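Visitor: I would like to go through this model step by step. Please start with the overall fold and then turn to single residues.

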Amino acid sequence: MAEELTGSLAGQGLRFAIVVARFNEFIATRLLEGAKAGLLAHSVAADDITVVRVPGSFEVPFVARRLALSGRFHAIVCLGAVIKGETAHFDLVAGEAARGVAAVGRETGVPCIFGILTTMNTEQAIDRAGGKQGNRGYDAAVAAIQMANLVRQLPA
Ligand code: INI
């Protein structure tokens, strides 16, 4: 019989940091509320959640890395909203945020979840921040719990 490893959705006893970018704050706030709701709904204690706010999504990986290296958290949830404008700034910020978050997880061994929206317009962002497409912050929180539990089962 093949061995199968799946991270459970049991959040009790796990500690999480949420790094949230303040840029496009009205979207980010909804993602943050979604993420907190996702953690609490899966029995994470409110005292086991630390929220850190940074200026923009570009700054998220820097802070996520520090938090991961602190050894205090089982996973880091990264949130923000990068919305396409008329310049290349979108691609640079979105690309660095995605690469940075992925690198933090790989390099620290602490799961680092990418809950940063990258959308073509504000409407798409609203739809994914508690609108008709759900809340990616909530989804990111659920992914963080699964990864935190999965990591404990992986070979050293
Ligand atoms: N930061 C975001 O989180 N979302 C954006 O859409 C965005 N745009 O479009 O510029 C953005 N820029 C700020 C960036 O993240 C940094 O805070 C800034 O460049 C300072 O380093």
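Visitor: How many helices and strands does the secondary structure of the protein chain come to?
Guide: This is a predicted model. Along the sequence, the chain follows the pattern β-α-β-α-β-α-β-α-β-β-α. The totals are five helices and six strands.

Visitor: What radius of gyration does the protein chain have?
Guide: The C-alpha trace spans about 50 × 35 × 30 Å along its principal axes. A compact globule with 156 residues would have a radius near 15 Å, and the chain agrees with that because its own radius of gyration is 15 Å.

Visitor: What share of the contacts with a separation of 6 or more comes from residues 24 or more positions apart?
Guide: Of the 156 residues in the chain, 45% are buried. Among contacts with a separation of 6 or more, the share from residues 24 or more positions apart is 78%.

Visitor: Which side chain of opposite charge is nearest to D127?
Guide: D127 lies in helix α4, residues 122-127, and is buried without a salt bridge. A salt bridge requires the nitrogen and the carboxyl oxygen to be within 4 Å. The nearest side chain of opposite charge is 4.2 Å away, and belongs to K132.

Visitor: Is V151 buried, partly exposed or exposed?
Guide: V151 is found in helix α5, residues 136-151. With L5, M147 and L154, V151 forms a nonpolar surface patch that has about 290 Å² of accessible area together. Buried means under 20% relative accessible area and exposed means over 50%. V151 has 32%, so the residue counts as partly exposed.

Conventions:
Residues are numbered from 1 along each chain as its sequence is written. This is a predicted model: local features need pLDDT of at least 70, side-chain atom pairs count only at pLDDT 80 or more; totals for chains, interfaces and linings use all residues. Side-chain values use heavy atoms; hydrogens and water are left out. Patches are made of residues with over 30% relative accessible area and no salt bridge: like charges are joined within 9 Å, nonpolar side chains (Val, Leu, Ile, Met, Phe, Trp, Tyr) within 5 Å. Accessible areas come from the Shrake-Rupley method with a 1.4 Å probe; for residues, only the protein chains shown count as cover. Helices (H or I, at least four residues) and strands (E, at least two) are DSSP runs, numbered from the N terminus. Buried means under 20% relative accessible area, exposed over 50%, partly exposed in between (1.4 Å probe, protein chains only). Lys and Arg count as positive and Asp and Glu as negative; His and the chain ends are not counted. The radius of gyration is taken over C-alpha atoms; the globule rule is 2.2 Å times the number of residues to the power 0.38. Contact means heavy atoms within 4.5 Å.
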